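Please keep the sequence and the coordinates in view while reading.

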Amino acid sequence: MTTAIWLHIANVFGILIAVVGASALLTWIERRMLGLWQDRYGPNRAGPFGILQVLADMLKLFAKDDWTPPFADRAVFIIAPAIIMVVILLAFAVIPITPAIGIVDMNIGLLFFLAMTSLSVYSVVLGGWASNNKYSLLGGLRSAAQMISYEVFMALALAGVVMLTGTFNLREIVNAQSGLWFVVPQFFGFLVFSIAGIAEAHRLPFDLPEAENELIAGYHTEYSGMKFGMFFVGEYASIILISAMIVVLFFGGWHGPWLPPIVWFLIKLTFFVGLFILLRAALPRPRYDQLMAYGWKFMLPLALLNLVVTGAVTLAFFNG
Amino acid sequence: MLSHLRTLWAVFTHTVARRETLLYPEEKLKLPARYRGRIILSRDPDGAERCVACNLCAVACPVDCIALQKTEDETGRWYPEWFRINFSRCIYCGLCEEACPTYAIQLTPDVEQSEYQRHNMVYEKEDLLIDGTGKYHDYNFYRVAGMAVGGKDKGEAEDERPPIDVRSLLP
């Protein structure tokens, strides 16, 4: 009994520390990878391969003046960066990493994930609103519009997977993929979900809420110090979250031959995190109206079509 | 959509491309010989100072970072008593080198001049003077100039005819 409790606590704190640590490390990995793909080095001075850059950045953020502008809405301004960290970390609770590792085994895991990622938009919107700065407000506004349009087909894309397995439990979804990964029958679902996921994590090419070159820094223009760091680490945590969800839903989670489950999960996770970074290195940011048009006129119909075809096939061949 | 994938692939191929960054303090810069860096004062092939303290460099300098004082030795040859360049003002334009009639002042391809103290950027004559001839190996001003200095009278320079006696009608 006590061993089970200790195991559970180890699970909780292990995942917490791993996720936060990996998010912090990802700031350095991303800069090194961007450097690699742009034929330069990136931060390579502090420590071996520059890995202590993470520590240096962290010290710098802590040492910075934690400034709240006098014109800002104080309470909301302070809460906003915490929201993104909290909800993204909460969402990690439902992700089954291996048969043994994973915090809760919820039978509505997928819905919980969707709910938490939807809540993360509040962080951006409230941050943009409370800053009382027109650039921040524009960033928050864009974020709200982007989330509303992309959340719709993010959920619709997942409906295909739910139809095939008949469950919202992520662990069962992974187990259902022991034979065939869902990326094969649900290829368009995968496509739509990953694009919506990039938008959800507001990463390039869908980083319109931030848009450095038109909105200064978008919703976190007025933030400094560790409040800014929270937004930053939250963004990287959401990259890991979306990658983990892609792995769990479409690439068979921990399933794979020869190697232990945790290794397979990490290999797949690393691949998708790398893809996120590659997207940033390669693609330009679309205009705001292009983003909206792309979402509503192309992705939504594609998601609906995927839903209809999956439903029809399921009904015809598997009969419920 | 297809072009996006093509872009992704094109960027991905850069994984194995050579990096353009020069890791500077470990890898040294390769600057061309005529790069405009730290200023030096050169010597002529005989080992004497080339500078004749004509002040043309100080006049040409747009930021007034050169200061010097002329003096003469016992043979009548001019040289600077002191010569001072304030490198914290110098803009490395090279106008002093162009103004110099004796090739004494020259710019070198050395740019590593960082100091912690600003006054350490002020170079005196002993810091500026080098042992060699710099970029122009055979040039010696007094050997080609028509000026009389110790050991060389008028008309004894290279390619110089003896002075004409203007008081005589003989050819």
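Helices here are DSSP runs of H or I with at least four residues, strands are runs of E with at least two, and both are numbered from the N terminus. With that in place, chain A reads along its sequence as α-α-α-α-α-α-α-α-α-α-α. That amounts to eleven helices and zero strands. The radius of gyration of chain A is 20 Å, close to the 20 Å given by the globule rule for 320 residues, so chain A is as compact as a globular protein of that length. The model is a predicted one.

The other overall values for chain A can be set beside this. Its C-alpha trace spans about 60 × 50 × 45 Å along the principal axes. Of the 320 residues in chain A, 44% are buried. Where contacts in chain A join residues at least 6 apart in sequence, 78% of them are between residues at least 24 apart.

One helix of chain A can be followed in detail. Helix α9 of chain A covers residues 225-250, and at 1.5 Å a residue its 26 residues should span 38 Å; the end C-alpha atoms lie 38 Å apart, which agrees. Is this helix enclosed or open to the outside? A residue counts as buried if 20 or more other C-beta atoms lie within 10 Å of its own. By that criterion 23 of the 26 residues of α9(A) are buried, so the helix is largely enclosed by the rest of the structure. After α9(A) comes G252(A), which has a positive phi, near 70°.

Chain B is built from five helices and five strands. Along the sequence they follow the pattern α-β-α-β-β-α-β-β-α-α. For 171 residues a compact globule would have a radius of gyration near 16 Å, but the value for chain B is 25 Å. The C-alpha trace of chain B extends about 95 × 45 × 25 Å along its principal axes. In chain B, 16% of the 171 residues count as buried. Of the contacts in chain B with a separation of 6 or more, 70% come from residues 24 or more positions apart.

Which strands of chain B form a sheet, and in what order? Three strands make an open sheet, arranged β2-β3-β5 with antiparallel pairing. At its edges are β2 and β5 (122-123) of chain B, each of which pairs on one side only.

Within this sheet, β2 (residues 66-72) and β3 (residues 78-86) of chain B pair in the antiparallel sense over seven bridges. I66(B) has I85(B) in β3(B) as its bridge partner, and T71(B) stands opposite Y79(B) in β3(B). The hairpin of β2(B) and β3(B) has five residues between the strands, and there G76(B) takes a positive phi near 90°.

The two chains also touch. How many residues does each chain bring to the contact? Chain B supplies eleven residues and chain A supplies nine. On the side of chain B that touches chain A, the residues divide into four nonpolar, five polar and two charged.

How values were computed
Residues are numbered from 1 along each chain as its sequence is written. Chains are lettered from A and ligands numbered from 1 in the order in which they are written. This is a predicted model: local features need pLDDT of at least 70, side-chain atom pairs count only at pLDDT 80 or more; totals for chains, interfaces and linings use all residues. Two strands pair if DSSP finds at least two bridges between them. Two residues are in contact if their C-beta atoms, placed from the backbone, lie within 7 Å. Ala, Val, Leu, Ile, Met, Phe, Trp, Tyr, Cys and Pro count as nonpolar, Asp, Glu, Lys and Arg as charged, and the others, Gly among them, as polar. The radius of gyration is taken over C-alpha atoms; the globule rule is 2.2 Å times the number of residues to the power 0.38. A residue is buried if 20 or more other C-beta atoms lie within 10 Å of its own, exposed if 12 or fewer, and partly exposed in between; C-beta atoms are placed from the backbone. The expected span of a helix is 1.5 Å times one less than its number of residues.
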